[in-house]
Amino acid sequence: MEFKKFVRDIADFPKPGVNFKDITPLLKDSAALKAASEALLEFVGDQKIDKVVGMESRGFFYGPVLAVALNAGFVPVRKVGKLPSHKISHTYDLEYGTDTLEIHADAIEKGDRVLIHDDVLATGGTARATCKLIEALGGVVVQCNFLLEIKALQGASKLVGYELKSLMRF
């Protein structure tokens, strides 16, 4: 399936100068939604995964789907103030500012094999921060997978040493 036709550009969102890649057309098309789920799952192959970690908020679309298919748990990584229990945090750079992510301190156990999923690999800050949170809790990042990668922003350069997979590249 040609997934790129289901991604639209939204200029100047969320801030002026940012060209946002909108995946909602892909999500609303049942065939594209299913095909993308299957393709993301194929990236993992037969690797053992204990937890799938998805980042707020668009990592929540496919993260739980992957977790169910992999017989793994799902762990949300959220923005500050969204998690109710004891948590750890990591601040990172975005393509348009800075942000902080949090994870529950008991979400990952030492030695857990973790698949990270998010919709877009842009500057790599969100994914790198998530890797650092997982490793701080003793988890092992097996793979980072994304619906799409924006190559010009060179996010992969912040994830050297991690296995990366992207369904689409722009």
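**Salt bridges and a helix contact in a predicted model**

The structure, a predicted model, holds 11 salt bridges.

Colleague: Where do K34 and E38 lie, and how many residues apart are they?

Modeller: Both belong to helix 2, which spans residues 30-44. They are four residues apart, about one turn of the helix.

Colleague: Which residue forms a salt bridge with D119?

Modeller: The partner is R58, and the N to O distance is 2.3 Å. This pair links distant parts of the chain, 61 residues apart. D119 lies in strand 7 (residues 113-121), whereas R58 lies in the loop between strand 3 (51-55) and helix 3 (59-69).

Colleague: Are D119 and R58 buried or exposed?

Modeller: Both D119 and R58 are buried.

Colleague: Which parts of the chain does the pair of K79 and D99 link?

Modeller: K79 and D99 form a salt bridge whose closest N and O atoms are 4.0 Å apart. The pair joins strand 4 (residues 73-79), which contains K79, to strand 6 (residues 97-104), which contains D99. These distant parts of the chain are represented here by residues 20 apart. K79 has a relative accessible area of 35%, so this residue is partly exposed.

Colleague: Let us turn to helix packing. At what angle do helix 2 and helix 3 pack?

Modeller: The angle is about 60°, and the axes are 10 Å apart. Angles from 65 to 115 degrees would count as roughly perpendicular, and those under 35 as roughly parallel; helix 2 and helix 3 are therefore oblique to each other.

Colleague: Is the crossing left-handed or right-handed?

Modeller: Helix 2 passes helix 3 in a right-handed crossing. On the side of helix 2, the contact is made by A32, L33, A36, S37, L40 and L41. Helix 3 contributes Y62, V65, L66 and A69.

Colleague: How many nonpolar, polar and charged residues does this contact have?

Modeller: The contact of helix 2 with helix 3 has nine nonpolar residues, one polar residue and no charged residues.

Technical notes:
Residues are numbered from 1 along each chain as its sequence is written. This is a predicted model: local features need pLDDT of at least 70, side-chain atom pairs count only at pLDDT 80 or more; totals for chains, interfaces and linings use all residues. Side-chain values use heavy atoms; hydrogens and water are left out. A salt bridge is a side-chain nitrogen of Lys or Arg within 4 Å of a carboxyl oxygen of Asp or Glu. Helices (H or I, at least four residues) and strands (E, at least two) are DSSP runs, numbered from the N terminus. Buried means under 20% relative accessible area, exposed over 50%, partly exposed in between (1.4 Å probe, protein chains only). Axes are lines fitted to C-alpha atoms, for helices over the stretch in contact, and angles run from 0 to 180 degrees between N-to-C directions. Angles under 35 degrees count as roughly parallel, over 145 as roughly antiparallel, 65 to 115 as roughly perpendicular and the rest as oblique. A crossing is left-handed if the near helix is turned anticlockwise from the far one by less than a right angle, and right-handed if clockwise. Contact means heavy atoms within 4.5 Å. Ala, Val, Leu, Ile, Met, Phe, Trp, Tyr, Cys and Pro count as nonpolar, Asp, Glu, Lys and Arg as charged, and the others, Gly among them, as polar.
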